[in-house]
Amino acid sequence: MTSLWVGIAIMIVGCFALKYAGLSVPERVLNHPATVRAADLIPVALLGALIAVQVFAHDGSLRIDARLLGLVVAAVLLTLRVPFLPVVFAAALVAALVRMG
Amino acid sequence: MSTDRSVIVDSLGVGLATGAYGVSFGAISAASGLDVLQTCVLSLLVFTGASQFAFIGIIASGGNPVTGALTAVLLGSRNLFYGLSLAQKLDLKGSQRLASAHFVIDESTAMAVTRETTRQTRLGFYWTGISIFVLWNLMTFVGALAGAKIGDPQTYGLDAAVGAAFLGLLWPRLTSWHARLVALFGAAVAMGLVPLTAAGLPIILGGGAAVVLGMLWRPKVSA
């Protein structure tokens with residue numbers, strides 16, 4: 001699939017350019033309170049949206065299924081300060097078990 | 001004052017813990033429709049975990065790869081600001097910057113910017129960044145081989161694993177009510193747009209709307 005490679009190429013160039021620019025641009029260019037605020041908000045906002053779509057979207061509509069249970073399990077484990085990898089495995093395991101039952 | 005040795009040991013600890021979750025990225029990516037080569041190229045050449053997960057999440061939900069890539073790059077914009085705070089402390093020359101930029105990620109920044117000397121900033125940055133890079137790529141490959149066999153992400157609940165992975169990345173950032181509400185608002189707008197727009201767009205539009213809300217609405221007392 002060509003278009004997947006196009007997406008990958010955009011990411012390679014875009015993500016490296018951001019990293020390199022951060023190390024190279026004089027600090028005063030970007031060190032503006034509004035820019036710093038936006039930079040803090042972008043990952044929070046995007047990850048919130050990513051979670052919602054990943055958990056509820058199904059072929060262009062919303063659906064509640066085993067993925068939501070996986071997310072709830074993940075939230076509980078994160079509250080208990082369980083590390084990333086066991087959290088991800090537990091969410092997958094719970095979703096898989098629910099679907100088998 | 002930490003010793004050089006303790007900086008290196010701490011950095012390797014973070015490197016091992018973080019690099020290990022390359023296996024979840026590899027497995028989910030290969031089960032989401034990317035082949036093993038594409039999966040490994042992402043980890044080798046993009047090398048910023050949240051962006052990689054965002055891209056494969058959007059691909060798995062049927063989104064356009066260009067929309068997926070733009071969302072991923074936007075998510076990678078935080079590395080720009082990591083670079084800013086690292087630049088002074090690492091004190092690098094032109095060619096050193098080019099060689100070091102690839103290792104500017106969440107963890108290498110966190111393990112570097114708190115150090116008191118340039119020497120220990122560099123130790124923290126390179127030991128963390130390079131150990132994650134090596135392990136993240138090895139584990140991506142291992143995970144991708146397994147994911148390619150699994151095929152459908154619904155098998156073994158890999159689709160649920162993606163949501164959990166995003167939540168795990170978001171969790172440490174939810175330190176204030178302001179941040180929590182911005183995340184919830186982004187989620188709500190994205191959900192509302194799912195039936196109305198092409199796959200992938202709800203994420204970038206919902207995220208964008210939540211950034212605007214977060215910029216306009218400033219709590220008087222920050223939590």
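## About the model

This is a predicted model, in which local features need pLDDT of at least 70, side-chain atom pairs count only at pLDDT 80 or more, and totals for chains, interfaces and linings use all residues. Residues are numbered from 1 along each chain as its sequence is written, chains are lettered from A and ligands numbered from 1 in the order in which they are written, and side-chain values use heavy atoms, with hydrogens and water left out.

## Where the chains meet

Chain A puts 66 residues in contact with 91 residues of chain B. Contact here means heavy atoms within 4.5 Å. The area buried between the two chains is about 6800 Å². Carbon and sulfur atoms give 81% of that area. Buried area is the accessible area (1.4 Å probe) that two parts lose on being put together, summed over both. In chain A, the residues that lose the most area to chain B are Lys19(A), Leu23(A) and Phe84(A). Together they make up 12% of what that side buries.

Polar links also cross between the chains. Eight residue pairs are in polar contact, both residues being at pLDDT 80 or more. A polar contact is a pair of N or O atoms within 3.5 Å; within protein, one must be able to donate a hydrogen and the other to accept it, and residues adjacent in sequence count only if both atoms are side-chain atoms. Several elements of chain A each supply at least two residues to the side that touches chain B, among them α1 (2-24), α3 (33-56) and β1 (57-58). Helices (H or I, at least four residues) and strands (E, at least two) are DSSP runs, numbered from the N terminus. The largest share, 21 residues, comes from α3(A). By class, this side of chain A has 47 nonpolar, 13 polar and six charged residues. Ala, Val, Leu, Ile, Met, Phe, Trp, Tyr, Cys and Pro count as nonpolar; Asp, Glu, Lys and Arg count as charged; the others, Gly among them, count as polar.

Helix α1(B) covers residues 4-20. Its 17 residues should span 24 Å at 1.5 Å a residue, and its end C-alpha atoms are 24 Å apart, which agrees. The expected span is 1.5 Å times one less than the number of residues. The buried residues of α1(B) include Val7(B), Ile8(B) and Ser11(B). Buried means under 20% relative accessible area, exposed over 50%, and partly exposed in between (1.4 Å probe, protein chains only). The buried residues of α1(B) pack against α5 of chain A, and against α2, α8 and α9 of chain B.

Helix α11(B) covers residues 177-193. Its 17 residues should also span 24 Å, and the ends again agree, with C-alpha atoms 24 Å apart. Among its buried residues are His178(B), Ala179(B) and Leu193(B). The cover over the buried residues of α11(B) includes α3 of chain A, with α10 and α12 of chain B.

## Charged pairs

Side chains of opposite charge can pair when their charged atoms come close. A salt bridge is a side-chain nitrogen of Lys or Arg within 4 Å of a carboxyl oxygen of Asp or Glu. The count is six salt bridges over all chains. Between chain A and chain B the count is one. Asp159(B) and Arg99(A) meet in a salt bridge at 2.8 Å, N to O.

Arg119(B) and Asp4(B) meet at 2.6 Å, N to O, in another salt bridge. Arg119(B) lies in α9 and Asp4(B) in α1, so the pair ties together parts of chain B that are 115 residues apart in sequence. Arg119(B) is exposed at 54% relative accessibility. Asp4(B) is partly exposed at 25%.

## Around Arg78(B)

Arg78(B) sits in helix α6 (residues 78-90) of chain B. Arg78(B) is buried, with a relative accessible area of 4%. A polar atom of its side chain lies 2.6 Å from the backbone oxygen of Leu75(B). Leaving aside neighbours within four places in sequence, its contacts include Pro43(A), Thr48(B) and Ala50(B).

Arg78(B) also forms a salt bridge with Asp106(B) (2.8 Å, N to O). That pair links α6 to α8 of chain B, 28 residues apart. Asp106(B) is partly exposed, at 24%. Arg173(B) forms a salt bridge with Asp106(B) too, the closest N and O atoms being 3.4 Å apart. Arg173(B) lies in the loop between α10 and α11, 67 residues from Asp106(B). Arg173(B) is partly exposed, at 23%.
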